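Subject: Structure handover and findings

Hello,

Here is the structure for you to look over. My notes on what was found in it follow below.

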Amino acid sequence: MVEQDAPVALVTGAARGIGKGVAASLLRAGWSVAITDIDEAAGQAAAEELARHCGAAGRVEFICMDVADETSVMACLERIEEDFGRLDGLVNNAGIADPDNGPIEQLSLEAWNRLLGTNLTGAFLVSKHALGLLREASGAIVNIASTRALQSEANTEAYAASKGGLVALTHALAVSLGSAVRVNAVSPGWIDTRDTQQQRTDPLRAVDHQQHAVGRVGQPADIGALVVFLLGPGAAFITGQNLVADGGMTRQMIYVE
Ligand code: NDP
């Protein structure tokens, strides 16, 4: 076991998107980070890129993990214990991020189970197997939920249910763990992850930004800043909460003219 001074975080699904941005924020704040993902090639490349964000104390390492596979989860946590010797923070970010499941009459049980298995059961499995190390460190968990836990578009039942479940898992676990490990959720609104996606989508329009009270679509660093706070000592009195980070989009009242 390697003992190190910098606190250590595990971020799931961190090969790209919000997870990669959260890892960068943690590294800049002096954490060491184990980034994990199901995509080995993208994860290795992300770790090499993120190494440039490391502060004096921290380091970054990629570990391949499928959050929906308990054997893979257990192997990853063993590797973290061997390589880092501690775990202070867990960010359950990995998810199937496409909310559109089509009409429910055509949504197969297989597709439903696959989405719930990753977005909800994945967070349960990683939390369960990380708990030993997190307890030793009096650590904290942040679950990346979504504003879709609170409001919906049509044909998004599986994704919405997975994120609503994640918010409920958050407060249930927070009450079970009490002072041992704090557990919170962050619900991002629209976060622009196009620069880390394999398939680029259309550029954002002015109206995309304008529908947010703060006047812009979010960035992964917006979520990273909140995660750094929630994992840190400044959030010692916060547990079981779901913090919405959406630029005010869900607070905007809409009247159709
Ligand atoms: P991305 O698809 O960019 O990143 C998610 C990462 O998780 C991908 O690298 C993906 O790999 C990986 N992943 C998928 N399944 C698994 C698995 N079983 N085990 C391990 N890793 C896996 O998504 P975002 O960055 O946009 O989203 C990150 C999180 O934030 C998700 O939970 C999403 O639901 C949530 N969120 C995102 C919002 C947004 O606007 N972007 C808004 C609200 C919430 P691969 O690509 O190979 O499948």
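Why is β5 largely enclosed by the rest of the structure? Five of its five residues are buried, so the strand is largely enclosed. Buried means under 20% relative accessible area, exposed means over 50%, and partly exposed lies in between (1.4 Å probe, protein chains only). Helices (H or I, at least four residues) and strands (E, at least two) are DSSP runs, numbered from the N terminus.

Some ground rules. This is a predicted model: local features need pLDDT of at least 70, side-chain atom pairs count only at pLDDT 80 or more, and totals for chains, interfaces and linings use all residues. Residues are numbered from 1 along each chain as its sequence is written, and side-chain values use heavy atoms, with hydrogens and water left out.

The sheet

An open sheet of seven strands runs in the order β3-β2-β1-β4-β5-β6-β7, with parallel pairing. Two strands pair if DSSP finds at least two bridges between them. The edges are β3 and β7 (242-245), each pairing on one side only. Neighbouring strands are turned by 20° against each other on average, direction ignored. Axes here are lines fitted to C-alpha atoms, for helices over the stretch in contact; angles run from 0 to 180 degrees between N-to-C directions.

Back to β5. Ala140, Val142 and Ile144 point one way from the strand. Ile141 and Asn143 point the other way. All of these are buried. On one pairing, β4 (residues 89-92) and β5 are parallel over four bridges. Leucine 90 has isoleucine 141 as its bridge partner in β5. On another, five bridges join β5 to β6, again parallel. There, isoleucine 141 partners valine 183, and isoleucine 144 stands opposite valine 186.

The helices

β4, helix α4 (residues 109-136) and β5 form a right-handed β-α-β unit. The chain then crosses from β5 through α5 to β6, and this crossover is right-handed too. Right-handed means that, with the strands pointing away from the viewer, the path from the first strand over the helix to the second runs clockwise. Helix α5 (residues 157-177) lies across β5, β6 and β7, at about 160° to β6. Helix α3 (residues 70-83) packs on the sheet and touches β1, β2 and β3. The direction of α3 makes about 155° with that of β3.

The cores

The largest nonpolar core has 30 residues. A nonpolar core is a set of buried Ala, Val, Leu, Ile, Met, Phe, Trp, Tyr and Cys residues joined through side-chain atoms within 4.5 Å. Leu26, Ile35 and Ile223 have the most contacts inside this core. Elements giving two or more residues include β1 (8-11), α2 (40-50) and α7 (220-231). The largest share, six residues, comes from α1. Another core, of 26 residues, lies apart; among its members are Val8, Met65, Leu125 and Leu133.

Beyond its neighbours within four places in sequence, isoleucine 35 is in contact (heavy atoms within 4.5 Å) with residues including Val11, Ala23, Leu50 and Phe62.

Arginine 182 lies in strand β6 (residues 182-188). At 12% relative accessibility, arginine 182 counts as buried. Its side chain has a polar atom 2.7 Å from the backbone oxygen of leucine 230. The backbone oxygen of glycine 232 lies 3.3 Å from a polar atom of that side chain. Its C-alpha is 8.2 Å from that of serine 138, 44 residues apart along the chain.

Serine 32 is in strand β2. Serine 32 is buried, at 0% relative accessible area. Its side chain reaches the backbone nitrogen of arginine 59 at 2.8 Å. Contacts beyond four places in sequence include Gln4, Pro7, Ala57 and Phe84.

Proline 7 sits in the segment before β1. Proline 7 is partly exposed, with a relative accessible area of 25%. Leaving aside neighbours within four places in sequence, proline 7 is in contact with Gly30, Trp31, Ser32, Arg86 and Asp88. Glycine 189 is 182 residues from proline 7 in sequence and 28 Å from it in space, C-alpha to C-alpha.

Best wishes

Conventions:
A polar contact is a pair of N or O atoms within 3.5 Å; within protein, one must be able to donate a hydrogen and the other to accept it, and residues adjacent in sequence count only if both atoms are side-chain atoms.
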